[in-house]
There are 2 protein chains.
Amino acid sequence: MSFFKGREIYSVDTKGRVNLPAKMRKNLSPEANDTFVITRGPDDDPCIYAYPLDEWKKFEENLKKLNQFNEQERFFLRTLLYWADEIVLDKQFRISVPKSLLDFTRIGKEALILGSMDHIEIWDPQIFENYLSKKTESYAVVAESVMGIRKL
Amino acid sequence: MSFFKGREIYSVDTKGRVNLPAKMRKNLSPEANDTFVITRGPDDDPCIYAYPLDEWKKFEENLKKLNQFNEQERFFLRTLLYWADEIVLDKQFRISVPKSLLDFTRIGKEALILGSMDHIEIWDPQIFENYLSKKTESYAVVAESVMGIRKL
DNA sequence: CTGTCAGTGGGGAAAAGTGGGGAATAATGT
DNA sequence: ACATTATTCCCCACTTTTCCCCACTGACAG
């Protein structure tokens with residue numbers, strides 16, 4: 001079971017490759033087999049989601065339970081799988097990001113890599129800044145509303 | 001058990017041949033025997049469904065359960081089977097699409113190939129764009145209820 | 001100072017995608 | 001029945017892209 005945290009800003013080379021930070025490599029479970037499934041983030045958050053293979057497999061099991069003859073569920077499947085792509089880390093532990101996803105996320109020469117529990121997120125650093133500054137609620141307030149009802 | 005995902009835009013040559021993306025070849029199980037059963041999609045989705053032979057066999061089992069004396073089910077079966085055709089990949093892993101299906105789906109010089117779990121879909125790229133942009137809310141709804149995530 | 005590990009860059013072999021000629025097969029017409 | 005036309009599909013060849021591998025730099029520890 002992988003658990004990612006922390007962040008780094010790395011360069012994106014001319015071939016669209018982004019390094020996976022060393023600290024996240026260490027949290028990668030062997031079952032992931034140095035393989036990630038990457039897809040796009042939610043509409044409001046233009047970033048890349050990268051799931052280690054083992055985490056993705058769990059998703060797949062849920063997807064298989066859907067009924068493809070239901071229009072809504074069919075639409076959901078298509079949108080999700082449309083962006084999905086399986087990539088293997090190279091010997092230098094780099095992710096090769098498809099051009100379509102770089103365009104979608106507006107990632108240029110630099111990328112912010114963010115550990116987010118079961119997956120990794122890749123952002124354009126500037127866009128992530130904007131995302132943070134747009135939030136009017138303070139971290140403390142949100143923290144309380146999200147976590148406050150539970151005992152830590 | 002095949003699980004297809006991702007997408008590619010490939011050209012359709014003058015002979016109506018469309019390449020099967022390499023990543024989808026890899027997810028093709030040996031039992032499929034390089035054979036697909038292709039048919040048309042649902043009414044609102046003018047695309048081609050291509051099932052690997054082994055997945056089609058499972059699908060057949062479900063079809064057999066239908067009641068042919070029910071008018072609706074009879075109609076469904078007839079339409080589905082009317083368009084169905086068995087094709088074998090050539091040595092370059094290309095699908096030769098019948099002209100009738102190219103006409104039905106309005107596919108011209110280019111085709112979008114979409115992995116969709118147990119089958120592959122072939123669309124005219126423009127028509128798929130329209131399909132995607134037509135609906136957005138239902139995606140979030142299904143995502144939340146099905147995947148336990150808000151939006152992906 | 002030196003060895004190791006992390007991040008970055010690029011050359012070249014291999015694979016993937018594309019196109020077309022021509023033999024085998026089927027369809028059509030006289 | 002045979003000739004003519006059309007279609008299918010097998011095979012070869014070209015082009016582009018991918019990715020495997022090696023090499024360089026800088027930071028940090030011993």
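**Entry 1: two loop residues**

I began with a residue in a loop of chain B, Asp34(B), which is found between α1 and β3 of that chain. I looked up its phi and noted a value near 55°, which is positive in a residue other than glycine. I keep in mind throughout that this is a predicted model. In chain A I turned to Met117(A), which lies in the loop between β7 and β8 of chain A, and there I found a positive phi of about 65°, although Met117(A) is not a glycine.

**Entry 2: the sheet of chain A**

I then followed the strands of chain A, where six of them form an open sheet in the order β1-β7-β8-β4-β3-β5, with antiparallel pairing. At the edges I found β1 and β5 (85–88) of chain A, each with a single partner strand, so one side of each is left without a neighbour in the sheet. From one strand to the next, the twist in this sheet averages 30°. I looked at one pair in detail: β7 (residues 110–116) and β8 (residues 119–123) of chain A pair in the antiparallel sense over five bridges, and Leu112(A) has Trp123(A) in β8(A) as its bridge partner.

Next I asked which strands helix α2 (residues 53–64) of chain A touches as it packs on the sheet. I noted β3 (35–40), β4 (48–52) and β5 of chain A, with the direction of the helix making about 95° with that of β4(A). Helix α5 (residues 125–134) of chain A also packs on the sheet, touching β1, β7 and β8 of chain A, and its direction makes about 55° with that of β7(A).

**Entry 3: the sheet of chain B**

In chain B I read the strand order of an open, six-stranded sheet as β1-β7-β8-β4-β3-β5, with antiparallel pairing. Its edge strands are β1 (7–11) and β5 (85–88) of chain B, each of which pairs on one side only. Strands β7 (residues 110–116) and β8 (residues 119–123) of chain B run antiparallel and are joined by five bridges, and I found Leu114(B) standing opposite Glu121(B) in β8(B).

Helix α2 (residues 53–64) of chain B lies across β3 (35–40), β4 and β5 of chain B, running at about 100° to β4(B). I also noted a helix from the other chain here: α3 (residues 71–83) of chain A lies across β1, β4 (48–52), β7 and β8 of chain B, at about 105° to β7(B).

**Entry 4: how the two chains relate**

I checked the superposition of chain A on chain B, which takes a rotation of 23° with 11 Å of shift along its axis and gives an RMSD of 1.2 Å. Only 15% of the interface residues of chain A are also interface residues in chain B, so the copies meet through different surfaces.

**Entry 5: around DNA strand C**

I counted 25 residues surrounding DNA strand C, the closest being Tyr10(A), Lys15(A), Arg17(A), Tyr10(B) and Lys15(B). By class, this surface has seven nonpolar, six polar and 12 charged residues.

Finally I looked up contacts with the bases. An N or O atom in the side chain of Lys15(A) is 2.3 Å from a base oxygen of DNA strand C, and for Arg17(B) such a side-chain atom is 2.9 Å from a base oxygen. Arg94(B) has a polar side-chain atom 3.1 Å from a base nitrogen of DNA strand C.

Technical notes: Residues numbered from 1 in each chain as written. Chains lettered and ligands numbered in written order. Predicted model: local features only at pLDDT ≥ 70, side-chain atom pairs only at ≥ 80, totals over all residues. Heavy atoms only, no water. Pairing = 2+ DSSP bridges. Helix = DSSP H or I, 4+ residues; strand = E, 2+ residues; numbered from the N terminus. Contact = heavy atoms within 4.5 Å. Axes fitted to C-alpha atoms, helices over the stretch in contact; angles between N-to-C directions. Near = heavy atom within 4 Å. Polar contact = N/O pair within 3.5 Å; in protein donor to acceptor, adjacent residues only side chain to side chain. Nonpolar A, V, L, I, M, F, W, Y, C, P; charged D, E, K, R; others polar. Least-squares fit on C-alpha atoms with pLDDT ≥ 70 in both.
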